[in-house]
Amino acid sequence: MSAEGHKDRAHEAIVEQASGWFWRHRSGELSNLEKNEFLEWLRASKLNLQEYLEQVRLHQTLARALPELYLDRAQLLKKTQEEPSSKVFALNTATGAEAPRAARKMRWIAAAAAAMLLAFCAIWFWSALILPQRITVPRGEQRFVQLADGSTMHVNVNSQIQVRYSTRERVIELNKGQAFFEVAPDPRRPFRVEVGGAEVVAVGTQFDVYRRSDNRVVVTVLQGKVDVFDALWAPKKTGAIESAARVRLTAGQQLKVGSAAMAPSPYPADGSAVTAWTRREVIFNGESLVEVADEINRYAAVPVYIEDPDLARMRVRAVFNPYDSDSFLAFIKQYGVDVETGPAGIHVRRAKSRVSEPAR
Amino acid sequence: MNRRQLVAGLFRQKKAALQAFIGRRTYAKGETADLVQETYLRMLRTGETAIEDPERYLLAVASNLIKEHALMTQRRQEREILTEPNALPETAADIDYTRDQERDETRARLLRVVKQLTPRYQLVLSLTYEDGLSQSEIAERLKVSRSMVQKILVKAHAHCRSRMLDRKEP
């Protein structure tokens, strides 16, 4: 019940935002900054977009229906002038009981405002430093997060991240998914990404960490250096001192951390292809079709299954917009396959009637 | 004040895109989710490309989808009629009957919500929707600031939408 109430309030907040944007559009030209803000807001959630369209629909309905009410405007004007100004935003309801309550609420809010502002500033300052911040990005969305120290984090679809900043260190816990980090240098506070048992430590650098659904971790460095540690790796012995094994990655290198007991070696990788997702692209350079489908399925609302082993092994070189699974399907349809939409997803099979086979 | 005048000047300050969207037939309840989903995907698909006027773009996308959908429905009905003579509606009045009824109910409910607003809100809505006045024109008429008029419109619209949501899930 209380959870539902909470959801309703969240929905009402979105309704109010949508209405705000709607009327701001109708009060003159928006600045470019505002237009961008609006676009960001629309893209941030499907509910935002839905409520904006609902505002347009409401506008349309009111334009058609309001004249039917035959409102007595002289009477309304007279009553408006009698209204005490404090009631400007009080909304009547059928019973009328809501109005004084709303007015009381307004007064309470005004009284509390100064104290709240002060408290808010303090909490913000404190939380930026100490409170863990949880970021959950659902399927089909990406998020760009500016962290308190000026570092940024581009979070890919289907990810879950916890940010723990303190005066001594900056820790990101990647519980699920993928993120690309641009770290602001701060030699006194190392920047660490904890991902499963492994750990990626950076000082002033750009790197991508992807925790795959099979729990393997892929680390790619675009700029600077990072050190990777894993709890499973055998410790290194230097003289009598045992120290945790680490692998140092430099720009243009990638490392896969799996379940190996030995530290693996880094190998060269195309950083811009790995981070293509931040530009809403995915780039394939010789991956098998089944790997491509897995990647596309991270983004797609309807998963695509490749059900023919020969097709699955086929190597692909292509660039896709991962949000457009139609373009991927159009691509594989070139190979004369049967594409069937079932309840669980889209099934791709070898065509039964080989009409597309060139005639011999 | 002539309230019967159909508001010719209503949309004069509004953009062509909004008119295009409004000009279409409303979509049925069940189709709204699809429309929103598809519009949303298309908005995401634009990627990092700068959009000159995001609202115009949004409404163009949505109205194109509605148009496409209407065309597809029409084609399907035509095909059904060709292949299956029994699919013909009994009378012309059968077509879209439920949709109109649904729309009438929504309209009546909305008007009840408007009636419950305070006089100031009703007045601002009336000046907006019956006379097609802009926010600054209303501000001038009522001797309040333009931002106050905007606040009233924002609150009125938000209130109407929220009450309409309530009524759907009693």
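Mentor: Chain A comprises 9 helices and 20 strands, where helices (H or I, at least four residues) and strands (E, at least two) are DSSP runs numbered from the N terminus. This is a predicted model, in which local features need pLDDT of at least 70 and side-chain atom pairs count only at pLDDT 80 or more, while totals for chains, interfaces and linings use all residues. Residues are numbered from 1 along each chain as its sequence is written, chains are lettered from A in the order in which they are written, and side-chain values use heavy atoms, with hydrogens and water left out.

At the interface, 66 residues of chain A are in contact with 72 residues of chain B (heavy atoms within 4.5 Å). The buried area between them is about 7100 Å², and carbon and sulfur atoms give 64% of it; this is the accessible area (1.4 Å probe) that the two parts lose on being put together, summed over both. A:Trp23, A:Arg43 and A:Arg73 supply 12% of the area that chain A buries against chain B, more than any other three residues.

The rule finds 7 salt bridges across this interface, each a side-chain nitrogen of Lys or Arg within 4 Å of a carboxyl oxygen of Asp or Glu. In one of them, A:Arg73 pairs with B:Asp131, the closest N and O atoms being 2.7 Å apart. On the side of chain A that touches chain B, α1 (2-25), α2 (32-44), α3 (46-65) and α4 (73-82) each supply at least two residues. The largest share, 18 residues, comes from α3(A).
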